[in-house]
Amino acid sequence: QVQLVESGGGLVQPGGSLRLSCAASGTIFSINAMGWYRQTPGKQRELVALIVSGGMPNYADSVKGRFTISRDNAKNTVYLQMNSLKTEDTAVYYCYITADTGKWMSSWGQGTQVTVSS
C-alpha cells in the first residue's frame, strides 16, 4: 500500500507561480513513475507531467516551458513547479505513482485545488 500526500495548491493570480509537492510513503521497493494529472468538472483527468525512472520528463503541450517536474528519490517525493500560470490551469491536481510494493501497483493522491484567478 502506498500513501500519497499532496501539498502546495491554492489561489494565485494569472502570471503567478505555485509549487506542488507529493510525498509517497509505505512499503516501497522502487518507483517506476511519479507525476501529476489534473481534472476540471465535466472533463477527463489529463496528464500534466510525468517522470519515468531512467527517462526524460513528459509534459502536456499546454504546460511545456511553464511547468517543471522534479523528483527527490531519497524522499520519494515529486514536485511540480508551475510558473506563468493561466486561468486555464485551474483544476484539481492529482499526484500519481507506479511503484513496487511487493507487487507493482499504481496509486493516486487525494487531489489539491489550484485556482488561477484575478
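Arg-38 and Glu-46 form a salt bridge, with their closest N and O atoms 2.8 Å apart. A salt bridge here is a side-chain nitrogen of Lys or Arg within 4 Å of a carboxyl oxygen of Asp or Glu. The model is predicted: local features need pLDDT of at least 70, side-chain atom pairs count only at pLDDT 80 or more, and totals for chains, interfaces and linings use all residues. Residues are numbered from 1 along each chain as its sequence is written, and side-chain values use heavy atoms, with hydrogens and water left out.

**Salt bridges**

- The whole structure holds four salt bridges.
- Side chains of opposite charge can pair when their charged atoms come close.
- Arg-38 is buried, at a relative accessible area of 6%. Buried means under 20% relative accessible area, exposed means over 50%, and partly exposed lies in between (1.4 Å probe, protein chains only).
- Asp-89 and Arg-66 meet through their side chains in a salt bridge, 2.7 Å from N to O. This pair links distant parts of the chain, 23 residues apart: Asp-89 is in the loop between E8 and E9, and Arg-66 is in the loop between strand E6 (58-59) and E7. Strands (E, at least two residues) and helices (H or I, at least four) are DSSP runs, numbered from the N terminus.
- Both Asp-89 and Arg-66 are buried.
- Salt bridges link Arg-38, Glu-46, Arg-66 and Asp-89 in a network.
- Lys-64 and Asp-61 also form a salt bridge, at 3.1 Å from N to O. Asp-61 is exposed, with a relative accessible area of 64%.

**Surroundings of Asp-89**

- How accessible is Asp-89? Its relative accessibility is 0%, so Asp-89 counts as buried.
- The Asp-89 side chain reaches the backbone nitrogen of Lys-86 at 2.8 Å. For a polar contact, a pair of N or O atoms must lie within 3.5 Å; within protein, one must be able to donate a hydrogen and the other to accept it, and residues adjacent in sequence count only if both atoms are side-chain atoms.
- Neighbours within four places in sequence aside, Asp-89 is in contact with Arg-38, Arg-66, Phe-67, Ser-84, Val-114 and Val-116. Contact means heavy atoms within 4.5 Å.

**Aromatic pairs**

- The structure holds three aromatic pairs. Rings of Phe, Tyr and Trp (its six-membered ring) pair if their centres lie within 6.5 Å; planes under 30 degrees apart count as stacked, over 60 as edge-to-face and the rest as tilted.
- One of them joins Tyr-37 and Tyr-96 edge-to-face, at 5.6 Å centre to centre and 70° between the planes. Tyr-37 lies in strand E4 (residues 30-39) and Tyr-96 in strand E9, so the pair ties together parts that are 59 residues apart in sequence.
- Tyr-37 is buried at 19% relative accessible area, and Tyr-96 is buried at 16%.
- Tyr-96 also pairs with Trp-108: the ring centres are 4.9 Å apart and the planes are at 55°, so this pair is tilted. It links distant parts of the chain, with Tyr-96 in strand E9 and Trp-108 in strand E10 (residues 104-108), twelve residues apart.
- Trp-108 is partly exposed, at a relative accessible area of 41%.
- Through ring pairs, Tyr-37, Tyr-96 and Trp-108 are linked into a cluster.

**Charges over rings**

- Which ring does the charged end of Arg-45 sit over? Arg-45 sits over the ring of Trp-108, 4.6 Å from its centre.
- Arg-19 lies over the face of Tyr-79, at 4.1 Å from the ring centre.
- A charge sits over a ring if NZ of Lys or CZ of Arg is within 6 Å of the ring centre and within 35 degrees of the ring normal.

**Positive phi**

- Most residues other than glycine have a negative phi.
- Asn-76 is not a glycine, yet has a positive phi of about 50°. Asn-76 sits in the loop between strand E7 (67-72) and strand E8 (77-82). Its relative accessibility is 22%, which counts as partly exposed.
- Ser-84 also has a positive phi of about 50° although it is not a glycine. Ser-84 lies in the loop between E8 and strand E9 (91-100). Ser-84 is partly exposed, at 41% relative accessible area.
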